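Hello,

Here is the structure we talked about. Please open it first, then read my notes below.

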Amino acid sequence: MSWFESLILGLVQGLTEFLPVSSSAHLRLTAAFSGWKDPGAAFTAITQIGTEAAVLIYFRKDIGRIISAWTRSLTDKTLRSDPDARMGWLVIVGSIPIGVLGVTLKDQIEGPFRDLRITATMLIGMGIVLGVADRLAARDESGGKHRAPKQRKALEDLGVRDGLIYGLCQAMALIPGVSRSGATISGGLFMGYKREAAARYSFLLAIPAVLASGVFELKDATEGGHVSWGPTIFATVIAFGVGYAVIAWFMKFISTKSFMPFVYYRIVLGIVIIVLVGTGALSPHAAESAG
């Protein structure tokens with residue numbers, strides 16, 4: 001992998017990790033459209049450490065409170081009803097599905113799931129799901145001619161059942177094209193949560209899963225020696241800086257705006273990929289992963 005490739009891929013990772021458009025799909029597509037080798041699942045997982053570092057810093061106050069309350073609740077039963085302590089447990093519970101499936105489906109994630117036809121299908125399918133969820137949320141928020149606005153749930157209303165459902169939604173993002181934030185936010189909106197609440201829990205829930213995946217791939221890459229460390233670290237740093245700016249923008253955007261621009265983008269991109277693959281202009285299969 002060249003330094004220029006790592007610069008572009010780092011920018012793509014930072015720009016798309018927190019938007020409901022699938023960062024793994026965009027990394028795969030950027031390489032395919034540019035005629036580069038597929039950066040591979042290991043590169044994606046390692047650069048995600050950079051974007052998750054941005055989450056840790058942006059939500060540092062929330063995370064500090066959650067860790068403190070959760071740790072103290074282990075020995076102090078009176079703190080177990082504290083919202084921050086409960087959130088600590090709910091993040092753990094919600095991380096179980098992706099942990100189990102990530103290990104079980106590792107070979108598929110690094111191989112067949114990276115087929116561009118699957119990526120395109122997931123872009124379109126999850127785009128439609130996000131669009132429906134967004135419209136339901138908008139209807140509740142605005143009400144209607146014969147219907148009063150409906151109060152949607154906040155994070156304080158989150159329980160174990162909803163936490164597990166969020167976790168199952170997040171696990172779907174193991175398939176390129178789904179989008180971690182798109183799947184979890186859609187799940188949250190369908191369960192009746194406010195946009196900001198769904199997005200905030202989505203970001204918090206991603207922390208253990210992404211960091212664990214990155215460390216796991218880091219270990220394998222160190223032992224296998226198949227990663228270009230200089231460019232990969234450079235891309236990770238770029239992803240961190242860009243990702244932080246995107247989080248700040250996105251949290252403000254969703255408080256007043258619809259997700260529909262992302263829905264249209266996903267559907268159009270998916271159709272373009274299907275056409276290019278169907279005409280033979282783009283190979284559906286990844287070239288040999290970049291080293």
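Buried means under 20% relative accessible area, exposed means over 50%, and partly exposed lies in between (1.4 Å probe, protein chains only). By that rule Ser179 is buried, because its relative accessible area is 3%.

Two notes on the source. The model is predicted, so local features need pLDDT of at least 70, side-chain atom pairs count only at pLDDT 80 or more, and totals for chains, interfaces and linings use all residues. Residues are numbered from 1 along each chain as its sequence is written, and side-chain values use heavy atoms, with hydrogens and water left out.

Back to the serines. Most residues other than glycine have a negative phi. Ser179 has a positive phi, near 90°. Ser179 sits in the loop between α8 (160–171) and α9 (180–190). Helices here are DSSP runs (H or I, at least four residues), numbered from the N terminus. Ser22 also has a positive phi, of about 80°. Ser22 lies in the loop between α1 (3–16) and α2. Ser22 counts as buried, at 2% relative accessibility.

Now look at α5 (residues 83–104). Its expected span is 1.5 Å times one less than its number of residues. For 22 residues that gives 32 Å, and the end C-alpha atoms are 32 Å apart, which agrees. There is a kink of about 30° at Ile96, shortly before Pro97. The bend is the angle between axes fitted to the seven residues ending at a residue and the seven starting there. Buried residues of α5 include Met87, Leu90 and Pro97.

Best wishes

Notes
Helices (H or I, at least four residues) and strands (E, at least two) are DSSP runs, numbered from the N terminus.
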